[in-house]
Amino acid sequence: MQFEGIYTPIVTPYHDDFSLNEKALSETVDHLVNAGVHGIIVAGSTGEYYAQSTAERLDMMTRCAALIGGRVPMIVGTGAIRTEDSVMFASAAKAAGADALLVATPPYAYPTSREIALHALAVDRAANLPVMLYNYPGRMSVNMDEDCLDRLGRSPNFCAIKESSGDVNRLHMLARDYPHIALSCGMDDQALEFFAWGARSWVCAGSNFAPEAHIALYQACAVEGDFTKGRAIMSAMLPLMRVLEQGGKFVQCIKYGLTLRGIDAGPPRKPLQPLNKDDKRELAEVIRTMNTAISSITGATI
């Protein structure tokens, strides 16, 4: 599988009682597909998989597969502390019709590079699907280092990595030493740098509510190779990225941003709390300013 373009880790819309808002989920899938995103990721952290039961996660796989209907690839996250659980989610994802898997380091366990590799290889054996690795030491405390990546070379299914370390030296290392593992941007404020170093895809939660802006940056950099235009678009997007990353309100901002598009994404599940009025006002203004700036750069109405 060639990971190419914008991949959206889809939110899970809830009613006020935290039950699934099926109508809003359907609207979100259609909104993303119609906007032109290149793939949808189910059970990413933006989808609040960590706050869902096993039954809910399995239901989301089959439900989203039906809603997407093959219009774009569906990638399913297998995140879990226990390898046995990740293996089970991988097998279920294949049965549901997933096109690929997102495989992260097990959180909290603090595994060694060898243990991360053995975990990922076990997931791979269970499903035999293309895999995008997910390196996020800020959440998992450990890196998928060179030893880990070398061990994963045993399987050709490990064909991409979502790199979220924020370490530009790792970006250079991956681009130079692991060209067979496609780079995917997982650090939003470094998207321009990722594209400059050959990344062809971007996993970006903000594309839930601003797919046009994210696609515009991908189009300018990865497709047109116009980094002057890309810098202008990136400059317009940076204030939004700062708002998203401040104060631990990431998921809440993503869900409220989608609500501003007319799709009621509802509250985050506890322990997270919804945005307050000031947060909502600031986010709405930042999005409005960004859209105006990008429209003037691209000539397209957002």
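User: What makes helix α11 and helix α12 a packed pair, in terms of angle and axes?

Analyst: Helix α11 (residues 250-260) and helix α12 (residues 277-298) pack at an angle of about 65 degrees, with their axes 10 Å apart. Axes are lines fitted to C-alpha atoms, for helices over the stretch in contact, and angles run from 0 to 180 degrees between N-to-C directions. Helices are DSSP runs (H or I, at least four residues), numbered from the N terminus. This is a predicted model: local features need pLDDT of at least 70, side-chain atom pairs count only at pLDDT 80 or more, and totals for chains, interfaces and linings use all residues. Residues are numbered from 1 along each chain as its sequence is written, and side-chain values use heavy atoms, with hydrogens and water left out.

User: Which residues in α11 and α12 meet?

Analyst: On the α11 side they are Cys253, Tyr256, Gly257 and Leu260, and these meet Lys280, Leu283, Ala284 and Ile287 in α12. Contact means heavy atoms within 4.5 Å. The residues of this contact divide into six nonpolar, one polar and one charged.

User: Why does Ser295 count as buried?

Analyst: Buried means under 20% relative accessible area (1.4 Å probe, protein chains only), with exposed over 50% and partly exposed in between. Ser295 has 19% relative accessibility, so Ser295 counts as buried. This serine is found in helix α12. Not counting residues up to four places away in sequence, Ser295 touches Ala300, Thr301 and Ile302.

Definitions and conventions. Helix = DSSP H or I, 4+ residues; strand = E, 2+ residues; numbered from the N terminus. Nonpolar A, V, L, I, M, F, W, Y, C, P; charged D, E, K, R; others polar.
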